[in-house]
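I opened this notebook to record what I looked up, chain by chain and then between the chains.

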Amino acid sequence: MSLFFYAAAQGYIRARLSRLLDRATWSRLLEPNTPAELNQSLGRTAVDLRGEVADAGRTLVRFLPRGAGELVAWYNQRFEIENLKTVLRAVHYGLDPSRARASLIPLRGTRWHWELLAEAGSISGVIDQIRESPFARPLEHAMERYQQEQRLFYLEIAIDLFYFQELVRLIESQNGKDAADARRFLGRWIAVQNLLWAYRYRIYGRMTPEEIINYTLHRAFAAGLDTVRRVALGSPLAVEAGRLGFQVSPGLSEVEGLTEIEVLAERERFRFATAAVRRPLFQLRGVLAYLWLLEAEVRDLAVIREGKLTGLTGSEIGRRLVRAA
Amino acid sequence: MSMLAPERMLETNLFVLEPDLEVVTNALARMEALHLEDAVPEGWTPSPEWTELANRYNGLSLRLNEMLNALGCKPAGGPEPESDLRPTQDWRDIEARLTAVETRVQGWQRRLKESERETQGLKLGESQVELLLPLDVPVEDLRGLQYQTVTVGIMPAGNVPRVAEALFQIPFILIPLETRKDRTLLLAASSTDNAAILDRALKSAFFEPITLPPEALGRPEQALEALKRKAREIQDRLNDLDHERQKLASELSGELSSLWRRAAACGKLAEAIRHFPKHGEVFLISGWVPASDLDRVRRAVDSAAGHPVAMEVLKADANRQSVPTLVRTPRWLQPFEELVTTFGISSYNELDPTLIVTVSFLIMYGMMFGDLGHGLLLLLTGLWLRSRKVDLGILVAAAGASGMLFGLLYGAAFGHQIMRAAWLQPLEGIWTVLLTAVAGGVVLLNIGFAMNLVNAWRSKDWPRLFLEKNGVAGIALYWTLLGGGLGVGFRILPARVLLLIPVLCALLWIHEPLANWIWRRPSAPMGEALVTGFFELFEAVTGYASNSLSFIRLGAFAVAHEGLSGLVVSYSRGRWGWVVLVLGTILVVGFEGVIVGIQALRLEYYEFFGRFFQGRGRPFVPLSLQTGGIHASLGVRA
């Protein structure tokens, strides 16, 4: 039966795949031009592009069977989270609302007026206004700690943990081939994220083992509690990354190693997605692969834009792109 | 064409003097004919007073909502305030009246909050003291232990097992005492040596420590009795407070609703105006107005201001600007708009395909689902859904009607051949049905080609119009392959017609470097362009064939539908035959009804839209006093 649900989704995806930027366009984007010219040639800004990815996810949800639809809908919530974090940062640091507005992803069908929220006078005011959102409760749980220490970290981690725990739950509730696809794509992604979190807390945050364990996922497929414990007790990055199949270049510091794994993980995602869309798309993997290709495109465009701002050459930027792999 | 083409838009700049600003914006919002854009010319800046005013209304709305919620009322829906809105002045009146209401209610609210907090504290205290019942020592003596650190507090329920994992390095005690909603009352203990680790683990799990109420004194049973006595007193107080709430609600809900509506409307105006840039005493209201509404807007604005307002009107340039799309779909076609908007919104330069998609979708659906009886069931289901306010109902009903029409052409009802087929029976004329399906597909693809030519013309995208696979060159190749192939095969056309094929293929192959050369665009390296062009050509040629043949499924499903329906009929004889008939019909109508809908949608999205439709437009969302209007037009795209 799910085959029939996926028929409409695959029609949509097949029709849209051709609209991804081709190699010639990528080459042109790497040619010398300013970020403003780049915006001009794309006709859209980076946040607009992210809005389009969110739209694609939202549209695809409507085609999917119930379980897979719930999963993809929740996966798509990451864009709402990005906007929520932008709002929290704007309010916490008292940023000019116009700066916050420029960073907000335009989301069709969102329930929240993010622009107005960015102008709320306080964090508790923001939470009051998004009381119906699933993220209000995790934020409330972290509020006392935030108020005591005035660190945004506690709010952000509360949202992230809640989002990823729910995502894990939804992945584990899938059946049949959708379950395998969800684990292969999203489960793998979550495992990598969890590993990166644990190392970031240890390296950048200098956190104690109990804090690292409390701020990471315990169920995260290939990198769950056991992995986090080893990281918390000092296991080297190369060893734990190796367990997930990533080879860190010898001689790198842990900070450099982390950056390398981030790029390797993104390239792996792109490879998975590219391979998946070459096969019939009548399964969840087709939907996830398409969304990942869109995300990879947006990520690379952001890298190109930032690379040009910092004066990198086309070939230097090319090495940092996911598509270059 | 007007049904297909988006409304012509004009970029409109209104230069409004400060004293006229409110009435002009109010008039524009009531007309709902201006899609606002954030435009800030050099030397113009938005006025901070209006930001302050917008925030003020936002705050007033929040306070009003809070008051309505506290009293258990909902803001009663109703018309927008009829009188002119004056956001710069109205807030004073709203504020004064709201403050008066708040003063009346605040005493009650404070007493309610105090009582609720006390109740909560007492209940937590009771839970803690109950744990101590086996001990025969005064509660106050337990507060200063020397070798143990003991703490009681609340944490998110989901974090309790996480804390246990985080404490893997030390001996500890965690006792969940009670869980309410998603929070757990927890007792945690460890040796004093490990107090720091316990504290860090608890804090990082968002633990909030609590202390026992002052009433908890003496031996545990005495303390518990004291707490319960106090709790009963507070419950009586809470009951009295609820009666007071009902009385207040009946007196104040009318006024609060009216204030809420006025604050919301003024807030929307203020929210719009705060984005208008100002220079001296002049505000710039910039946005898009449908050309057909321009005179109406001009008259309304002049009339509101009491004198002519300076207005600059510019033609839209969709190649330079992101122009919003407004398609005035006739009312009868609106239920089908979602067939297109699910995929995307047509951009300003694109023709809106709703009409063609509706007609072709219904024909395809009917062809695959042709049966008078099954169509009737679907029609009735659609009408029932519609009566339950389900938007999809009209589409389902129309699909059912189309199924009935094709049922007449096939002469079938509930799988029975009830009359002579006006056209044919699919099982009897399989080849005719399949060829008709492909021919229909060819027609639809060519409509797509034609729409692509119009879209390219409207966008002045000449390479797309002339050289690309869905442009003139591509269409010529398609027809040379199809028409030429058939013509030569049936000896209607001379074989030399086929010589056009390599010429057109070559043209498509080099279309990108050729377009770059003709229109003097920056070009990619020739080698790369040729390699890319070759694969694009390959994809185009195979696409022409596969896209056309893809429509064969229309015929195949028509045959399958008749076959499946016949099967149900053949098994529905005998004593329990009616059961088979009912279940089989439900299966055919429910299961196949969904499948053919998806197949038709797939043909629309992939085969048809792929020829011409990008769907990357943004909708025209006018400044309005209705909920959501302003925010949407300011780019939030709610």
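I began with contacts in chain A, counting two residues as in contact if their C-beta atoms, placed from the backbone, lie within 7 Å. Of the chain A contacts with a separation of 6 or more, 61% are between residues 24 or more positions apart. The model is a predicted one, in which local features need pLDDT of at least 70 and side-chain atom pairs count only at pLDDT 80 or more, while totals for chains, interfaces and linings use all residues. Residues are numbered from 1 along each chain as its sequence is written, and chains are lettered from A and ligands numbered from 1 in the order in which they are written.

**Chain A, overall.** I listed 17 helices and zero strands in chain A, taking helices (H or I, at least four residues) and strands (E, at least two) as DSSP runs numbered from the N terminus. I found that 43% of the 325 residues of chain A count as buried. A residue is buried if 20 or more other C-beta atoms lie within 10 Å of its own, exposed if 12 or fewer, and partly exposed in between.

**Helix α4 of chain A.** This helix covers residues 46–61, and its 16 residues reach 23 Å from first C-alpha to last, close to the 22 Å expected at 1.5 Å a residue. The expected span is 1.5 Å times one less than the number of residues. Among the buried residues of α4(A) I noted A:R50, A:E52, A:V53 and A:D55.

**α4(A) against α16(A).** I read an angle of about 175 degrees for this pair, with the axes 10 Å apart. Therefore α4(A) is roughly antiparallel to α16(A). Axes are lines fitted to C-alpha atoms, for helices over the stretch in contact, and angles run from 0 to 180 degrees between N-to-C directions. Angles under 35 degrees count as roughly parallel, over 145 as roughly antiparallel, 65 to 115 as roughly perpendicular and the rest as oblique. On the α4(A) side the contact includes A:L49, A:V53 and A:L60, and on the α16(A) side it includes A:L291, A:L294 and A:L301. By class I recorded eleven nonpolar, one polar and three charged residues in this contact. Here Ala, Val, Leu, Ile, Met, Phe, Trp, Tyr, Cys and Pro are nonpolar, Asp, Glu, Lys and Arg charged, and the others, Gly among them, polar.

**α15(A) against α16(A).** The axes of α15 (residues 254–277) and α16 (residues 284–309) of chain A come within 8 Å and cross at roughly 135 degrees. That angle is why α15(A) is oblique to α16(A). Among the residues that meet are A:F270 and A:F272 in α15(A), and A:Y290 and A:W292 in α16(A). I counted ten nonpolar, one polar and four charged residues in the contact of α15(A) with α16(A).

**Chain B.** I listed 20 helices and twelve strands in chain B. Buried residues are 38% of its 638 residues. Of contacts in chain B between residues at least 6 apart in sequence, 77% join residues at least 24 apart.

**B:D20.** This residue lies in the loop between β1 (9–17) and α1 (21–31) of chain B. Is B:D20 buried or partly exposed? It counts as partly exposed because it has 18 C-beta neighbours inside 10 Å. B:D20 and B:F283 are 263 residues apart in sequence, yet 9.6 Å apart in space, C-alpha to C-alpha. Leaving out residues up to four places away in sequence, B:D20 touches B:A305 and B:V309.

**Between the chains.** Lastly, I found 42 residues of chain B in contact with 39 residues of chain A. On the chain B side, α19(B) gives the most, with ten residues.
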